[in-house]
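Biologist: I would like to learn how to read a few features of a protein model. Please give the general idea each time, then the case at hand.

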Amino acid sequence: MAKLVIPQGHPNVAMLGIGACRPKRLVSNDEVCEVLDSSDEWIFERSGIRNRRWISGDESARSMAAVAAERAIANSGIDKDKIGALILATGSWRTKIPHGGPIVATDIGLNGIPAYDVAAGCGGFGYGLGIAADAVRAGSAEYVLVVGTETMSVVMDPTDRNTAFIFGDGAGAVLVGPSEENGISPVVWGSDGENSGAIAQNYDIPEYMDRSEEFQHKDPDADPVGRMVVTMEGPRVFRWAAITLPKALTTLLTESGAGPDDIEVFIPHQANARINELMRKNLGFADDLPMANDIENTGNTSAASIPLAMEEMLATGKAKGGQTALLLGFGAGLSYAGAVVTLPPAPAVTSFDDLED
């Protein structure tokens with residue numbers, strides 16, 4: 001019997017660099033309400049959102065992912081050739097076949113490395129971060145890029161009062177690799193398929209198609225049934241979050257080795273400012289503990305939400321590299337994933353460098 005090689009990994013891992021990309025177009029609540037039957041006051045009261053960014057021109061999930069990834073690499077100072085894998089967290093990539101990971105890897109000059117997608121909704125970045133950390137620890141790769149990218153503006157109905165005002169577009173990325181001290185705790189994650197229909201899509205790949213009938217290709221723009229949009233039962237999601245997330249956060253603090261007093265920054269998924277404030281109170285965090293509020297001017301960017309919020313806090317000085325932060329993403333699935341992390345250094349190249357408001 002052959003004596004198989006045992007990979008040699010690194011027990012201590014951390015986020016070494018962060019990068020992000022935000023669309024140039026800023027969309028106010030008033031602009032959304034030109035189509036949606038709502039108001040600026042109602043939207044802000046319910047969600048904490050004043051503005052969001054939507055793609056325009058030649059911007060896309062692909063182009064933003066590449067920019068965010070390149071910035072994460074540049075901000076880490078790590079040689080690109082040392083990157084051994086790329087994980088793309090996304091729910092709005094335009095195709096399932098081909099998946100986006102290999103395309104993004106090629107776009108940033110890393111064609112040939114293992115690259116794949118993680119589809120875990122708004123918890124996707126947390127899933128990707130956990131997988132990346134474990135890959136480095138196991139020796140599967142020395143450095144792993146985790147990229148979250150979304151164009152949620154493309155997959156929503158602008159007249160749907162449950163979703164139209166919530167979502168924004170953007171991309172965020174981190175480079176995970178070995179470090180002197182561990183900077184990523186074990187990930188606490190889970191899912192609730194019994195409530196999966198609370199966040200869904202209106203148009204599915206058919207389970208069965210009678211091939212004896214001629215398949216008619218339809219123009220998605222001309223046929224609303226052929227255009228996939230996200231649907232959401234807001235109150236149902238809120239109730240699930242109120243019950244599930246406090247338990248997840250308690251488990252996370254128990255299993256991470258960090259107690260509530262060790263947390264210096266709170267970066268929850270930017271889904272709803274009311275939910276985030278409720279979580280902060282349930283955790284007993286002080287009112288002056290820095291907490292991400294990127295949702296106010298970025299909206300809910302699903303799998304890109306946490307890296308975008310993290311980058312915003314570091315770029316503006318609301319948080320500092322080396323601080324201990326609690327991350328938690330949650331959403332479609334319904335699923336969640338969180339970790340206690342050491343924040344990467346503040347980015348030298350930020351997503352705000354090229355915005356033209």
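Biologist: How many aromatic pairs does the count come to?

Modeller: First the ground rules: this is a predicted model, in which local features need pLDDT of at least 70, side-chain atom pairs count only at pLDDT 80 or more, and totals for chains, interfaces and linings use all residues. Residues are numbered from 1 along each chain as its sequence is written, and side-chain values use heavy atoms, with hydrogens and water left out. A pair of aromatic rings is described by the distance of the centres and the angle of the planes. Rings of Phe, Tyr and Trp (its six-membered ring) pair if their centres lie within 6.5 Å; planes under 30 degrees apart are stacked, over 60 edge-to-face, and the rest tilted. By this rule the count is 3 aromatic pairs. In one of them, the ring centres of W42 and F165 are 5.5 Å apart and the planes stand at 85 degrees, so the pair is edge-to-face. This pair links distant parts of the chain, 123 residues apart: W42 is in helix α2 (residues 40–47) and F165 in the loop between β6 (143–151) and β7 (169–178). Helices (H or I, at least four residues) and strands (E, at least two) are DSSP runs, numbered from the N terminus.

Biologist: Is F165 buried or exposed?

Modeller: Buried means under 20% relative accessible area, exposed over 50%, and partly exposed in between (1.4 Å probe, protein chains only). F165 has 5% relative accessibility and counts as buried, while W42, at 25%, counts as partly exposed. F266 and F285 also form an edge-to-face pair, with 5.6 Å centre to centre and 65 degrees between the planes. Here F266 is in strand β11 (residues 265–268) and F285 in the loop between α7 (273–283) and α8 (295–298), 19 residues apart. Both F266 and F285 are buried.

Biologist: Which residue lies over the face of W42?

Modeller: A charge sits over a ring if NZ of Lys or CZ of Arg is within 6 Å of the ring centre and within 35 degrees of the ring normal. R161 lies over the face of W42, at 4.7 Å from the ring centre. R50 lies over the face of F44, at 3.7 Å from the ring centre.

Biologist: Which residues of helix α4 are buried?

Modeller: In α4 (residues 100–107), they are G100, G101, V104 and A105. Seen down the axis of α4, the buried residues fall within an arc of 135 degrees (taken from the directions from the helix axis to the C-beta atoms), so they line one face of the helix. They pack against α3 (61–76), β4 (83–89) and β5 (115–118), where contact means heavy atoms within 4.5 Å. After α4 comes G109, with a positive phi near 85 degrees.

Biologist: How many cavities of 30 Å³ or more does the structure hold?

Modeller: Rolling a probe the size of a water molecule over the atoms shows where empty space is left. On a 1 Å grid over the protein atoms alone, a cavity is a set of points where a 1.4 Å probe fits but cannot get out; a pocket is an open set with protein on both sides within 12 Å along at least five of seven lines; lining residues have an atom within 4 Å of a point. Grid points are joined across faces, edges and corners, and a volume is the space filled by probe spheres set on the points. The structure holds 2 such cavities, and the largest cavity has about 60 Å³ of space. α5 (124–138), β12 (324–331) and β13 (335–342) each supply at least two residues of its lining.
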